[in-house]
Every structure is written in structure tokens, then in C-alpha cells.
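Q: I have a model open and would like to go through it with you. Could you take my questions as they come?

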Amino acid sequence: MNFAKLQYLTGLSALALTMASCETVPMSNKAVDNHQVTASDNKHQSQQWSYIGESGADYWGGLRAEYSQCDAGDQQSPINIANTIAADISSPIINWSPFIPTISNNGHTIEVKSPAGNTVILGGKSFELVQFHFHHTSEHTIDDQQYPMEAHFVHKADDGKLAVLAVLFAEGQANHQLTEIWGAAPAVIGEITANFILDPKQLLPIDRQHYRYQGSLTTPPCSQIVSWVVFKQKPTISAQQIAAFATVFDENARPVQKTNRRYITRSK
Ligand SMILES: [Zn+2]
């Protein structure tokens, strides 16, 4: 659904949808109705870990034994990308096809599940796209600059290792695929199967130059099993798209972690 159209549909229609079923009210409808679900509701629904207060990022490592890497790990993500080393690294080979997405609000982010068969080849190794999701503001910074949003395309290999393609978005023109996702995403914890075909490649930058480093999940259990690919070019999303996400998740970014002795390479 078109975002401008959504703004037109304020008031009664959004309220009627809300009363019919909270689980199926799209995030964008919530975004235009200040009296509906807010970011704080999502925090209450997800007690295990969060981004603020006593279960916030500074405390993840102590919340559960299996989260200990969040504190003890020396290859944590995200990081500030700086002091990079030029290297002859090939671009990831991205074999994604359009699909009808399943979109969930898991209390921490909006997540789009991928069907089997969407792969990326990184350094000769094949990883399969499992899901992608969003952070506001960006988790990685580049030369200490933060961006309004970051998407993570999470791929898994047969050996359990992950390759995550990260796209940082700058504010500018709206992204059509995001309009579709935001329009369908539940505003509270829940999952829907969308009624449109999503082309995930439309969320990627055209230029595939990128940075690469070894790191971790940016959420508990912070497992250090991730080959990160962070694209240099930033596609744009509109101020309205940022605001719509922020209405449901006002801040779901882990702060940058110590780089320690890691190399960050950049493609030439
Ligand atoms: Zn993420």
C-alpha cells in the first residue's frame, strides 16, 4: 500500500482495523495514528532482552549464561568501519529471486522470512538467505557516521556459519519495496503472509563495493560466527519511512563494539 494513501486513511479506518484485530493492523496504519501501539508496547512484549534499561545492550551478557559472548567476546558486532585495508576481494554473488514474503514483528524488529533457494556465494562458499530485518538507527557506523537505518540480510551455510549483507540507508527518496513491507508489517508482535511479490534485490545498492570483516550477531546470543559484508553505497529511504519504523521501534540498534585486532578489508 502506498504511503501517501496510508496518510490519507487516518482516523476511523485505522481505528476500525485496530478494533477488528490488533495482530493484523499494519505498522504503517499505526504510524499514522498516535493513539495506537507505540514502541513501548513492543518493549513490554519482549522481556528477555531489549535496547534500553536493565535488559539493554550493556547488560545482555549477564542476562543468561548463553549470552556470555555479548560481554566476553572479542569479535563483536557492530563496529565503526574505519582504517580499512584495500584488498582483492570478489563481490558477493547474489542469487535472489522475488517471492511472496512472510513478515513478522518479533518485538525487536520487522523481519522478512525468505523461502529456500535464495543464496549468496561469498569467498567460494554458498550461504542461503534465511531472513532479513531492519535496525533504526544504523548499527554499523562508517568513519563514525551513523545512518538512519540498516538492513541485515542473514544467510546461513550448511556448517552453521553466517554471512550477513548489511545495507545502510541514507535519507532521501522513498524505497518502493520498503513501502510494501511497512504497509504489511504488523505493528505488534505477530506474523502475516503478504499479498505482494517482494524483490529483495531492490533493497540493495547498485554498486557492490563493500567492506568485509569477521564479527558476531548484533543481538543475543552475540555468536561470533558472522562474515560481515557492509556495502559502501547507501540507497535512500524517505523521512516518512524512517518515521513509520521509529513509531514502532524507536531505537533498536546495538552500540558499536571494540574492533580489537580485526582487519577490515574494502573491495577495490
Ligand atoms: Zn540485525
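Q: At what angle do H7 and H8 pack, and how far apart are their axes?
A: In this predicted model, helix H7 (residues 176-184) and H8 pack at an angle of about 30 degrees, with their axes 11 Å apart; axes here are lines fitted to C-alpha atoms, for helices over the stretch in contact, and angles run from 0 to 180 degrees between N-to-C directions. Helices (H or I, at least four residues) and strands (E, at least two) are DSSP runs, numbered from the N terminus. The two helices, H7 and H8, are therefore roughly parallel to each other, given that angles under 35 degrees count as roughly parallel, over 145 as roughly antiparallel, 65 to 115 as roughly perpendicular and the rest as oblique.

Q: Which residues make that contact?
A: From H7 they are Leu178, Thr179 and Trp182, and from H8 they are Gln241, Ala244 and Phe245, where two residues are in contact if their C-beta atoms, placed from the backbone, lie within 7 Å.

Q: And is the crossing of H7 and H8 left-handed or right-handed?
A: The crossing of H7 and H8 is left-handed, a term used if the near helix is turned anticlockwise from the far one by less than a right angle, with right-handed used if clockwise.

Q: How many residues of H7 are buried?
A: H7 is mostly covered, with eight of its nine residues buried, and these are Gln177, Leu178, Thr179, Glu180, Ile181, Trp182, Gly183 and Ala184.

Q: What does Leu178 touch, leaving out its sequence neighbours?
A: Not counting residues up to four places away in sequence, Leu178 touches Ile237 and Gln241. Leu178 is buried, with 25 other C-beta atoms within 10 Å, and its C-alpha atom is separated by 9.5 Å from that of Leu198, 20 residues apart along the chain.

Q: Changing topic, which residues have the most contacts inside the largest nonpolar core?
A: Those are Ala166, Val167 and Ile181, in a core of 48 residues; a nonpolar core is a set of buried Ala, Val, Leu, Ile, Met, Phe, Trp, Tyr and Cys residues joined through C-beta atoms within 7 Å. Strand S10 (residues 162-171) gives the most to this core, with seven residues. As for Ile181, if residues up to four places away in sequence are not counted, Ile181 touches Ile103, Ile110 and Val112.

Q: What about Leu122, where does it lie and what is it in contact with?
A: Leu122 lies in strand S6 (residues 119-122) and, leaving aside neighbours within four places in sequence, is in contact with Pro92, Phe127, Ala163, Ser227 and Val229. Leu122 is buried, with 22 other C-beta atoms within 10 Å.

Q: Which peptide bonds are cis?
A: One of them is the bond from Ser77 to Pro78, with omega near 0 degrees, where Pro78 has its place in the loop between helix H6 (69-72) and strand S1 (80-81). The bond from Pro220 to Pro221 is also cis, with omega near 10 degrees, and Pro221 is found in the loop between strand S12 (210-215) and strand S13 (226-231).

Q: And what is the phi of Asp143?
A: Asp143 has a positive phi of about 50 degrees although it is not a glycine, and with 9 C-beta neighbours inside 10 Å, Asp143 counts as exposed.

Conventions: Residues numbered from 1 in each chain as written. Predicted model: local features only at pLDDT ≥ 70, side-chain atom pairs only at ≥ 80, totals over all residues. Buried ≥ 20, exposed ≤ 12 C-beta atoms within 10 Å, placed from the backbone.
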